[in-house]
Amino acid sequence: MNVFEEIKKLLDSNNVPYQVVEHEAVYTSEQAAKARNKPLKAGVKAMVFKAEHEFIIALIAADRKIDNAKLREVSHTPKLRFATPEELKQLTHCTPGCVPPFPQLFGLKAFIDRSVLLNEELAFNPGSHVHSIIMKKEDY
């Protein structure tokens with residue numbers, strides 16, 4: 001599965017406008033914001049966690065950090081850890097730092113922090129460290 005192509009296909013088939021930005025390889029939210037020439041808060045971090053009985057994905061604005069206690073509370077699980085790189089690759093076909101905020105592509109339950117919706121534009125890595133997609137919040 002080429003995640004980048006799957007996302008473009010999903011967006012195109014639903015007539016969703018978006019912009020693809022090619023840039024140097026980025027591995028952190030700060031690097032991505034600089035490469036995109038967008039504020040850090042416009043970025044969307046998609047992080048995969050292993051809850052007690054399932055994997056979940058949490059989406060948050062790139063300038064924020066996950067509140068583990070709150071995520072455990074809303075996901076109704078006492079145990080929570082980041083997915084390992086191997087688990088992440090198996091579940092999403094992505095490496096750390098480029099998981100896109102499209103949980104439906106991976107069959108994962110999503111928890112979306114309100115901070116994601118505070119910006120007019122959203123920017124994220126679409127399964128690629130050298131591409132970003134920028135789109136309007138309402139189109140997301």
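The largest pocket is lined by 24 residues, with K45, A46, M47, G97 and C98 nearest its centre. A pocket here is an open set of points on a 1 Å grid over the protein atoms alone, where a 1.4 Å probe fits, with protein on both sides within 12 Å along at least five of seven lines; lining residues have an atom within 4 Å of a point. This is a predicted model: local features need pLDDT of at least 70, side-chain atom pairs count only at pLDDT 80 or more, and totals for chains, interfaces and linings use all residues. Residues are numbered from 1 along each chain as its sequence is written, and side-chain values use heavy atoms, without hydrogens and water.

The volume of the largest pocket is about 350 Å³, taken as the space filled by probe spheres set on the points. Strand 2 gives the most to its lining, 5 residues. Helix 2 (29-36) and strand 2 (44-51) each supply at least two. Helices (H or I, at least four residues) and strands (E, at least two) are DSSP runs, numbered from the N terminus.

The second largest pocket holds about 290 Å³. Its lining has 13 residues, and K70, V74, I112, D113 and R114 are closest to the centre. Strand 3 (55-61), helix 3 (68-74) and strand 5 (109-112) each give two or more.

The largest nonpolar core has 24 residues, and L11, V48, I57 and V99 have the most contacts inside it. Such a core joins buried (under 20% relative accessible area, 1.4 Å probe, protein chains only) Ala, Val, Leu, Ile, Met, Phe, Trp, Tyr and Cys residues through side-chain atoms within 4.5 Å. Helix 1 provides the largest share, 4 residues.

Key: Buried means under 20% relative accessible area, exposed over 50%, partly exposed in between (1.4 Å probe, protein chains only).
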